[in-house]
Amino acid sequence: MRLRPRTPDTRTERRFRIGAAALPYLLIAPTLLFVAVFTLFPAIRVFYDSLFLQNQAVQEPQFTGFGNYAALFQDPTFHQVIINTVIYVFATVPLSVFLALVLALLLNQKLRALGLYRLAFFYPTILPMVSAATIWLFMYTPGYGLVNVFIEFFHIQSQNWLGDPNLALIALIILGIWKQTGYFMIFYLAGLQGLPHDIFEAASLDGASAIQSARYLTFPLLAGTTLFVTTIAVVNAFETVDQIYIMTGGGPNNATSMLLFNLWQTLFSFLDNGKASAISVILIAVLLIFTVTNFLYTERRGSYE
Amino acid sequence: MNKNPKPDRSRRPFRFTPKSISNALGLIVLAVIAVGWAIPMLWALAVSVHPPDEPLSAANLWFGSHPTLTNYAQAFQIAPFAQYYVNTIIIVFGILVVQLVTISLAGYAFARFQFRGQNILFFLILLQLMVPSSALIVPNYSTIRQLHLFDTLLAVMLPFFGSAFGTFLMRQTFRTVPRDLDDAARMDGANWLQTLWYVYIPPARPAMIAFALSSISFHWNDFLWPLVVTNSTSSRPLTVGLAVFTQLGEIGAQWPLVTAGTIIVVGPLLLLFLIFQRQFIESFLHSGLK
């Protein structure tokens with residue numbers, strides 16, 4: 001390690017020497033400041049605000065206890081929002097994680113044009129969701145949209161995907177799977193590359209079939225990857241908003257409105273600060289469960305490395 | 001990724017065994033899915049050069065009779081995409097530069113100093129990982145209003161200047177640096193800043209690059225927060241600019257124009273990805289969090 005003996009920093013050095021005990025606090029001060037102002041205080045404030053009525057009718061905040069929460073849970077629209085979110089999460093997460101595993105298994109062999117396959121599956125990950133949603137808005141166009149051209153090929157009648165309350169959520173789920181499967185696939189590919197080859201050779205010598213070694217070796221050994229990927233997928237799915245804004249605006253008839261979109265709408269369209277704060281608290285509470293799991297898992301994984 | 005030595009089975013003569021059939025089936029499935037995955041982008045590319053005066057129809061779905069760049073020229077005329085690019089680049093790199101400074105300092109403090117309240121302070125910072133910023137747009141929007149920063153580039157950047165993930169990453173990385181090097185540097189008269197710069201930063205470079213790539217791609221793609229705190233051309237990033245562009249009444253369903261706008265936004269990104277595919281994928285792997 002080469003150190004320049006005399007640097008222009010000698011003056012600052014003397015200044016910093018004075019508060020040697022204060023140094024670590026000064027080092028973390030900027031991070032702590034931004035985290036406090038934009039995460040810690042807001043988290044407390046949003047809970048506090050959720051206890052007050054404040055909307056267009058009630059300009060001055062008026063204490064209401066859990067009134068905003070009670071109002072939300074009696075509101076059929078909010079029920080719809082919760083149901084949509086749950087359906088979206090429970091459809092998108094397992095399907096994309098499973099497909100990611102299948103694709104990774106298929107790609108984990110000597111293949112011609114392996115790079116091309118990886119490119120095809122991974123590129124949606126790097127697109128901004130707004131652009132991906134714009135492209136899929138086009139894909140779902142009634143009449144000549146490629147999704148309709150495709151199903152008409154199988155003699156299924158052309159559909160108004162985003163205008164039909166029964167199909168709109170499915171349309172968003174398809175986009176969600178297309179967008180993130182490649183991302184999860186690379187975690188599985190990395191997991192597969194890290195598997196010990198000798199175990200598989202031993203199993204194969206002992207006469208284990210491909211299905212047996214998948215069932216008893218590959219899947220259990222990839223369980224960690226699955227947990228990790230699933231957590232990310234769940235958190236992402238709960239934060240779905242960009243594509244709703246671009247493609248459906250929550251419609252038709254709230255058929256595609258989900259928590260974060262509903263939060264945005266409550267704040268900026270309905271100008272209801274109290275209710276929006278209550279939705280934020282609900283969203284934070286739900287996500288906290290999953291982010292804590294995720295964090296504990298990464299922490300554990302980190303300490304093994 | 002494909003460097004693992006494996007027995008080369010491809011040279012054996014082909015025989016119809018259950019295994020070879022299932023392999024072939026696997027390949028067909030793979031190819032079909034890959035084509036399905038690629039088509040949305042390929043179609044958007046094709047339609048973006050479709051002549052605007054030829055209406056799209058089931059019979060005329062791709063390039064049209066004579067591919068043209070008119071749509072791109074028109075998209076640039078209607079929306080200030082160049083300005084949006086500048087805004088996005090300022091936002092993304094502004095956030096990154098400040099983050100690299102704050103996470104190095106904080107990571108260094110947590111990795112190599114003993115001080116009162118160390119654990120509780122670290123925990124407070126890590127809370128940022130558990131409370132997602134998107135759920136805090138209500139209070140953060142008020143904060144930005146109170147600071148009179150609404151509709152500025154700084155408003156888009158400010159909430160992300162401190163990074164719990166980056167701090168955690170730097171702390172872990174700095175801990176792997178041998179203490180002897182630190183002591184030797186101090187013995188040679190280096191102050192803390194010189195020690196950090198010459199002893200700790202160089203071996204942390206790969207971790208910092210991975211963090212940088214994930215930070216860039218997260219903020220390049222971010223939509224909700226900039227949508228909430230911007231309201232004019234001078235501060236809108238590309239994502240919000242594209243949303244505004246596609247929702248302009250005058251554009252309606254002119255798909256060649258809309259796809260051209262979309263390609264203007266994602267084209268450079270795709271090109272960079274094609275060139276640095278491996279680095280991109282590795283950085284995504286190393287930072288599953290953000």
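**Confidence**

Residues are numbered from 1 along each chain as its sequence is written, and chains are lettered from A and ligands numbered from 1 in the order in which they are written.

The lowest mean pLDDT, 49, belongs to helix H1 (residues 10–18) of chain A, and the highest, 95, to helix H2 (residues 23–49) of chain A. The pLDDT is below 50 over residues 1–16 of chain A, a stretch with 18 contacts in the model beyond near neighbours in sequence. A contact requires C-beta atoms, placed from the backbone, within 7 Å. Where pLDDT is low, the predicted coordinates should not be read in detail.

**Chain B overall**

I find 14 helices and zero strands in chain B. Its radius of gyration, taken over C-alpha atoms, is 25 Å, whereas a compact globule of 290 residues would have a value near 19 Å; the globule rule is 2.2 Å times the number of residues to the power 0.38. Along the principal axes, the C-alpha atoms of chain B fill a box of roughly 75 × 65 × 35 Å. Buried residues make up 42% of the 290 residues in chain B. A residue is buried if 20 or more other C-beta atoms lie within 10 Å of its own, exposed if 12 or fewer, and partly exposed in between, with C-beta atoms placed from the backbone. Of the contacts in chain B between residues at least 6 apart in sequence, 71% join residues at least 24 apart.

**Where the chains meet**

I recorded 87 residues from chain B and 80 residues from chain A in the contact. On the side of chain B that touches chain A, helix H1 (residues 18–48) of chain B supplies the largest share, twelve residues. That side divides into 61 nonpolar, 23 polar and three charged residues. Here Ala, Val, Leu, Ile, Met, Phe, Trp, Tyr, Cys and Pro count as nonpolar, Asp, Glu, Lys and Arg as charged, and the others, Gly among them, as polar.

I looked up the largest nonpolar core, which has 160 residues; A:Trp136 and A:Tyr188 have the most contacts inside it. Such a core is a set of buried Ala, Val, Leu, Ile, Met, Phe, Trp, Tyr and Cys residues joined through C-beta atoms within 7 Å. Helix H8 (residues 168–193) of chain A gives the most to this core, 15 residues. Beyond four places in sequence, the contacts of A:Tyr188 include A:Ala100, A:Leu101 and A:Leu222.

I placed A:Val93 in helix H4 (residues 76–107) of chain A. A:Val93 counts as buried because 24 other C-beta atoms lie within 10 Å. Beyond four places in sequence, A:Val93 is in contact with A:Thr230, A:Ala233, A:Val234 and A:Ala237.

I found B:Ser234 in the loop between helix H11 (224–229) and helix H12 (238–246) of chain B. B:Ser234 is partly exposed, since 13 other C-beta atoms lie within 10 Å. B:Ser234 and B:Tyr84, 150 residues apart in sequence, are 7.8 Å apart, C-alpha to C-alpha.

Conventions
Predicted model: local features only at pLDDT ≥ 70, side-chain atom pairs only at ≥ 80, totals over all residues. pLDDT = per-residue confidence, 0-100. Helix = DSSP H or I, 4+ residues; strand = E, 2+ residues; numbered from the N terminus. Contact = placed C-beta atoms within 7 Å.
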